[in-house]
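Q: Could you take a close look at one part of this model with me? I'd like to go through the aromatic side chains and their surroundings.

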Amino acid sequence: ATATVITVLYSIFFLGCTLLIVPGIWYMIKKEQYHELILLAGVCAYLWIIPVGNLDWRFRMPAEPLLFIFICSGIVYLNEKYIEKQPKKEKVQ
């Protein structure tokens, strides 16, 4: 039962991280960071093309730090869009 819970939690975390890549790429396009986007996407593509046909997890690992940059960019984008634009509540004294 513990292994199942760990697997489910990992899958939810991995899905959330994967979904954050899309707003991360959008944020880089919006901020006109084309050079960085092309460099990161190109290196990721290169690292994924090398082991074509072998879907083992260890061949995906070198690209994970680069994907983490996209994930962080997605977090910054969502933070700027939803959290920082909320009206601040004034303190009652």
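How many aromatic pairs does a search of the whole structure find?

A: Happy to take you through this. The model is predicted, so local features need pLDDT of at least 70 and side-chain atom pairs count only at pLDDT 80 or more, while totals for chains, interfaces and linings use all residues. Residues are numbered from 1 along each chain as its sequence is written, and side-chain values use heavy atoms, with hydrogens and water left out.

The search of the whole structure finds two aromatic pairs. In Y10 and F14, the ring centres are 5.9 Å apart and the planes are at 25°, so this pair is stacked. (Rings of Phe, Tyr and Trp, the last by its six-membered ring, pair if their centres lie within 6.5 Å; planes under 30 degrees apart count as stacked, over 60 as edge-to-face and the rest as tilted.) Both Y10 and F14 belong to helix α1, where they are four residues apart, about one turn of the helix. (Helices are DSSP runs of H or I with at least four residues, strands are runs of E with at least two, and both are numbered from the N terminus.) Y10 is partly exposed at 46% relative accessible area, and F14 is partly exposed at 31%. (Buried means under 20% relative accessible area, exposed over 50% and partly exposed in between, with a 1.4 Å probe and protein chains only.)

The rings of Y27 and Y77 have centres 6.0 Å apart and planes at 55°, so that pair is tilted. Y27 lies in helix α1 and Y77 in helix α3 (residues 64-83), so the pair ties together parts that are 50 residues apart in sequence. Y27 is buried, with 11% relative accessible area, and Y77 is buried too, at 10%.

Now back to Y10 and F14: both are among the residues that line the largest pocket, including also F13, W48 and F68. (On a 1 Å grid over the protein atoms alone, a pocket is an open set of points where a 1.4 Å probe fits, with protein on both sides within 12 Å along at least five of seven lines; lining residues have an atom within 4 Å of a point.) The volume of the largest pocket is about 210 Å³, counted as the space filled by probe spheres set on grid points that are joined across faces, edges and corners. Two or more lining residues come from each of α1 and α3, and α1 gives the most, with six residues.
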